[in-house]
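User: Please take me through this structure one question at a time. I have not seen it before.

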Amino acid sequence: MPPMLFAHPFASYCQKALIALYENRTPFTLRMLDKSDPSTFAEFAALWPMRRFPLLLDEGRPIAEATIIIEHLDQHRPGPVPMIPEDPELALEARFIDRFFDNYVQTPLGKIVTDALREAGERDVRGVADARTTLDTAYGWLEQRMANREWAVGERFTLADCAAAPALFYADWAHPIGEGFPNVLAYRTRLNARPSFARAIEEARPYRHFFPLGAPDRD
Ligand SMILES: N[C@@H](CCC(=O)N[C@@H](CS)C(=O)NCC(=O)O)C(=O)O
């Protein structure tokens, strides 16, 4: 039986898992997490009390965390585009770059976005300033790394690029990458054009009004 993915198309970590599913044309059933469908949300929350999505349900086994979902799919439902390189050194590097995007791009991005959803009196000005500094540092590090690369690790699209695509897509909305980082901008453009992520971008387009800072009129 195909696995189920509890997810929302606009959510960046969900897009990360969707990219891997789309790359390999892995059959799955989307269990859309939508406020208008409380029963699906209740089913998801019972499976994963941390209530962070995506969550994969495969043969009755709940798999949480986008990275682990991608590792699980590579092991249990492999396709033509392996997300973890066969070479152990490249595999380690892919896992490291995946951590880089989650910890130093998605996390500060999340801080900026969730702060914008708070009431004025509850805003964390210092925390948001620190998050913006972390993003600038991350853009700078990535600028050097991507100088002579098409994809983040080795010669092929991997887990690291699944992590990078939604992270850079939304980070640029919240804290523009800017012309000082041309290699990062060019990498983001390549990611946006990759058919698996281009599909995720289109599927998320109807929900852009959810972006609390206002989605820019591009991408
Ligand atoms: N560490 C988790 C993070 C997942 C996560 O934070 N997902 C967001 C959507 S992109 C979420 O569940 N937000 C709902 C909330 O924070 O209550 C992963 O890598 O999958």
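User: Which residues in α1 meet residues in α8?
Analyst: This is a predicted model, in which local features need pLDDT of at least 70 and side-chain atom pairs count only at pLDDT 80 or more, while totals for chains, interfaces and linings use all residues. Residues are numbered from 1 along each chain as its sequence is written. Helices (H or I, at least four residues) and strands (E, at least two) are DSSP runs numbered from the N terminus, and two residues are in contact if their C-beta atoms, placed from the backbone, lie within 7 Å. On the α8 side are Ser 196, Phe 197, Arg 199, Ala 200 and Ala 204, and they meet, in α1, Gln 15, Leu 18, Ile 19, Tyr 22 and Glu 23.

User: How do the residues of the contact of α1 with α8 divide into nonpolar, polar and charged?
Analyst: Ala, Val, Leu, Ile, Met, Phe, Trp, Tyr, Cys and Pro count as nonpolar, Asp, Glu, Lys and Arg as charged, and the others, Gly among them, as polar. For the contact of α1 with α8, the division is six nonpolar, two polar and two charged.

User: Are α1 and α8 parallel, antiparallel, perpendicular or oblique to each other?
Analyst: Axes are lines fitted to C-alpha atoms, for helices over the stretch in contact, and angles run from 0 to 180 degrees between N-to-C directions. The axes of α1 and α8 (residues 195–204) are 8 Å apart, and the packing angle is about 130°. Angles under 35 degrees count as roughly parallel, over 145 as roughly antiparallel, 65 to 115 as roughly perpendicular and the rest as oblique. The relation of α1 to α8 is therefore oblique.

User: Is the crossing of α1 and α8 left-handed or right-handed?
Analyst: A crossing is left-handed if the near helix is turned anticlockwise from the far one by less than a right angle, and right-handed if clockwise. The crossing of α1 and α8 is right-handed.

User: Are α4 and α5 roughly parallel or roughly antiparallel to each other?
Analyst: The axes of α4 and α5 (residues 125–145) cross at roughly 150° and come within 9 Å. Their crossing is left-handed. The two helices, α4 and α5, are therefore roughly antiparallel.

User: How are α4 and α6 turned, roughly parallel or roughly antiparallel to each other?
Analyst: Helix α4 (residues 88–116) and helix α6 (residues 159–174) have axes that come within 9 Å and cross at roughly 25°. α4 passes α6 in a left-handed crossing. The contact is made by residues including Ile 97, Phe 101 and Val 105 of α4 and Ala 163, Ala 167 and Ala 171 of α6. The pair α4 and α6 is therefore roughly parallel.

User: How many residues of the contact of α4 with α6 are nonpolar?
Analyst: Two residues of this contact are charged and one is polar. The nonpolar count is 16.

User: Which element gives the most to the shell around the ligand?
Analyst: A residue is near a molecule if its C-beta atom, placed from the backbone, lies within 6 Å of it. The residues around the ligand are Ala 11, Ser 12, Tyr 13, Cys 14, Arg 51, Arg 52, Phe 53, Glu 65, Ala 66 and Thr 67. Two or more residues come from α1 (12–23) and from α3 (66–76). With three residues, the element that gives the most is α1.

User: Which residue does a cis peptide bond join to Phe 53?
Analyst: Most peptide bonds are trans. Here omega is about 20°.

User: What is the radius of gyration of the protein?
Analyst: The protein has eight helices and four strands. The radius is taken over C-alpha atoms, and the globule rule is 2.2 Å times the number of residues to the power 0.38. For 219 residues the rule gives a close value, so the protein is as compact as a globular protein of that length, with a radius of gyration of 17 Å.
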